[in-house]
Amino acid sequence: MHTDSPLIDIVVVGIGLAFVFGALANRLKTSLLAGYLVAGVAVGPFTPGFVADPALALQLAEIGVILLMFGVGLHFSVDDLLSVRRVAIPGALGQLAVATLLGIGLARLFGWPMGAGVVFGLCLSVASTVVLLRSLQDRRLMETRRGHIAVGWLVTQDLVTVLALVLLPPLAGLLKGSTALSTEAIGVTLAITLGKVVAFVALMLIVGRRVIPAVLHYVAHTGSRELFRLAVLAVALVVAFVATEVFGVSFALGAFVAGMVLNESQLSQRAAEETLPLRDAFAVLFFVSVGMLFNPAVLVTHPLPLLATMAVIGIGTPLTALLLVRTLGETWSTAALLAVGLAQIGEFSFLLADLGIGLDLLPAMARDLILGASILLILLNPLLFVGLDRLRPWLERLDVHPVPEPAAQVAEPEHEGLPMTHLTDHAVLVGCGRVGSLVAEGLLHAAWPLLVIEAGDDTIERFRGRPVEVISGNAADPAVLQAANLPEARLLLVAIPEAFEAGQIVEQARIANPSLRIIARAHFDEAVEHLDRHGATVVVMGEREIARAMLDHADKPATA
Ligand code: AMP
């Protein structure tokens, strides 16, 4: 089936099927990404039925990459980037070198020439930005040092890929075994490429840093939300486009720098929120497009080479990253996170492979191996993260040394097998952000036995040494809530802003303990009703309380 509007086809069918398979994946309790990838395979050219245009899908996916990296940049300052350079740069370069060597070794085993080995090795060494960032965001790790190191690592890999993409064509002759090579020409290309990257970053840091926030401030003051949203989108897309077309920098890196420039402005948070829904929709299309490129026949025609390729990416890279990050002085938890996060490949590998095949350096079979390994490892990646979550208590113990903690502390993180708290007659607080942390202080002051459940990563650190138990995880996860011993608790406070999630938590808690006092937080009338319906004892509506406090102040004398 083909209509004459391929763009509409891919958006509608891609998003529609991603939703259907995503829902199915959710039902089967696997990662949503698996659903999106399978949706891609279904509309891809290698399966019967409707076939979407893969080239178009990849371009749409690129918009997802731009918005994603823009969002990451918004939460990143130049200082953040500089503070991780001692780990991220040597780590990423070392890991790239080892993975490339492994790739070369594998290519030799397949009987490919040396040049093919180099390109193949490079393809196996660069992780997918989208996949790694999604994992970090799902675990709310973007704001932690570990998250910063991972982003620094990705930026370094990105720069190396940019260099590889421009240097491969002039180097192709040498890689094919010809000796006719002008080192001068290579030197000039290298200098021009690096010069352009530096020029772009300098332009952004000197001019962009002033102009972009000024434009957004101006637009924010017009009071038009619509115009503001448009301005944010325009900045992200235009900067990424100019970065690529004029400066030869990748879309992802261009968008990242655009976001970083805005980070110092107070508008950044608002700007980030404006791009969220679009970003998520396009990120879904990214996974659909990866699925589309996958040719399932490779599983039958080349099973062993495929397994060996997967082993380089899924075992070689993680082990190298683990050792390098440890050697560079970071904790086991950080090293393990990077190891697991980097055990996959994606968009950059496809670009490099395409170029290599175009230059006649790489045999076409390499593309099937790379795409096959990519989709299978992206599917496996969430499972690796589940494994990492299981190992986390053990890793944290390795990191902390066996120093006994002064207070009752730290129940273990996420998922089944979580040890049940020994607290009874206690208060359980879900969410420890702006609202929850004030509540926690109040409860501690009143000497409540307290257990906090928080999805963010730094809460355990924050309460270290204080008489609080912390479970780090999503309270909507039944295994997490179960570990809080709700049947014997006296009070549950759900201090998170998201009404749907809060509703789920309240509902489960009410089933676990019909007489529990449950106080929940809401921000609009329907949320109050929703939480009431699910069994909350009291629902506090933030906006009403603010209005009440404002009215209280209204009667006071002018100086108070
Ligand atoms: P705030 O809006 O500043 O009070 O922050 C809300 C806090 O709740 C943040 O720290 C989130 O990490 C946390 N949070 C949101 N949803 C959940 C959840 N389902 N389980 C645990 N913590 C959550």
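## Two helices that pack together

Two packed helices are described by the angle between their axes and the distance between the axes. Each axis here is a line fitted to C-alpha atoms over the stretch in contact, and the angle runs from 0 to 180 degrees between N-to-C directions. Keep in mind that this is a predicted model.

With that in hand, look at helix α8, which covers residues 145-175, and helix α15, which covers residues 332-341. Their axes lie 10 Å apart, and the angle between them is about 40 degrees. As for handedness, α8 and α15 make a right-handed crossing.

## Who meets whom

Which residues of α8 and α15 meet? On the α8 side they are Arg146, Ile149, Ala150 and Trp153, and on the α15 side Ser333, Thr334, Leu337 and Leu338. Sorted by class, this contact of α8 with α15 brings together five nonpolar residues, two polar ones and one charged one.

## A helix on the inside

Stay with α15 for a moment. Nine of its ten residues are buried, so α15 is largely enclosed by the rest of the structure. Buried here means under 20% relative accessible area. The buried set in α15 runs through Ser333, Thr334, Ala335, Ala336, Leu337, Leu338, Ala339, Val340 and Gly341.

Is serine 135 buried or exposed? Its relative accessible area is 10%, so serine 135 counts as buried. You'll find serine 135 in helix α7, residues 129-138. Leaving aside residues up to four places away in sequence, serine 135 touches Asn381 and Phe385.

Now hop over to leucine 418, which sits in the loop between α17 (365-400) and β1 (427-430). In sequence, leucine 418 and alanine 479 are 61 residues apart, yet their C-alpha atoms are 7.0 Å apart in space.

## What about the cysteines?

A disulfide is a covalent bond between the sulfur atoms of two cysteines. How many disulfides does a search of the whole structure find? The count comes back as zero.

Two cysteines are still worth a look. Cysteine 123 has a relative accessible area of 0%, so cysteine 123 is buried. Cysteine 432 comes in at 3% relative accessibility, so cysteine 432 is counted as buried as well.

Key. Residues are numbered from 1 along each chain as its sequence is written. This is a predicted model: local features need pLDDT of at least 70, side-chain atom pairs count only at pLDDT 80 or more; totals for chains, interfaces and linings use all residues. Side-chain values use heavy atoms; hydrogens and water are left out. A disulfide is a pair of cysteine sulfur atoms within 2.5 Å. Buried means under 20% relative accessible area, exposed over 50%, partly exposed in between (1.4 Å probe, protein chains only). Helices (H or I, at least four residues) and strands (E, at least two) are DSSP runs, numbered from the N terminus. A crossing is left-handed if the near helix is turned anticlockwise from the far one by less than a right angle, and right-handed if clockwise. Contact means heavy atoms within 4.5 Å. Ala, Val, Leu, Ile, Met, Phe, Trp, Tyr, Cys and Pro count as nonpolar, Asp, Glu, Lys and Arg as charged, and the others, Gly among them, as polar.
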